[in-house]
Amino acid sequence: ADSWGECIIPLILEHWYFAIMFLSAFAVVQIGLMNLILTTVVDEASKAHERDIEERLADMKAIEQEQMDLLNPVFQDMECDNNGNLSVEVLLKAYDEDPRLRRGLSLLRG
């Protein structure tokens, strides 16, 4: 038979200090296996965390793009002189008069 007990017990009964050696080896192997399992679990958790961060970033970018797509026509309507600039007065007036601008800007605040 190949049982560890059949091999080790007679040695331990003959020489007691072998018990310390075999128990130490057993403990080291068990701790090593637990360390491998724990490393795998932590690695997978870390990868899941990274994927979650990437998904959140992609969601935030999609929301930002959606908000910009909503606001772009509003700003195009406000621009009277087609030079790409808006004055503060025009912006404030449009904020008071255009509900699309208020809604779009409130979405940008989050």
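1. Helices here are DSSP runs of H or I with at least four residues, strands are runs of E with at least two, and both are numbered from the N terminus. Under that definition, D52 and R56 both lie in helix α2, 4 residues apart, about one turn of the helix.

2. The model is predicted: local features need pLDDT of at least 70, side-chain atom pairs count only at pLDDT 80 or more, and totals for chains, interfaces and linings use all residues. Residues are numbered from 1 along each chain as its sequence is written, and side-chain values use heavy atoms, with hydrogens and water left out.

3. D52 and R56 also form a salt bridge, with the closest N and O atoms 3.5 Å apart. The term covers a side-chain nitrogen of Lys or Arg within 4 Å of a carboxyl oxygen of Asp or Glu. D52 is partly exposed at 32% relative accessible area; R56 is exposed at 55%. The cut-offs are under 20% for buried, over 50% for exposed and partly exposed in between (1.4 Å probe, protein chains only).

4. The salt bridge count comes to 4. K47 pairs with E44, closest N and O atoms 3.9 Å apart. Both lie in helix α2, 3 residues apart, about one turn of the helix. K47 is partly exposed at 39%, as is E44 at 41%.

5. R100 bridges to D98 at 3.1 Å between the closest N and O atoms. R100 is partly exposed at 30%, whereas D98 is buried at 16%. Elsewhere, salt bridges that share partners join D43, E44 and K47 into one network.

6. There are 3 aromatic pairs. Rings of Phe, Tyr and Trp (its six-membered ring) pair if their centres lie within 6.5 Å; planes under 30 degrees apart are stacked, over 60 edge-to-face, the rest tilted. W16 and Y17 have ring centres 5.9 Å apart and planes at 80 degrees, so they are edge-to-face. F18 and F22 are also edge-to-face, because their planes stand at 70 degrees, with centres 6.2 Å apart. Ring pairs link W16, Y17, F18 and F22 into a cluster.

7. F18 and F22 both lie in helix α2 (residues 17-78), 4 residues apart. Each is partly exposed, F18 at 22% and F22 at 21%. W16 is found in the loop between α1 (4-14) and α2. W16 is exposed at 61%; Y17 is partly exposed at 44%.
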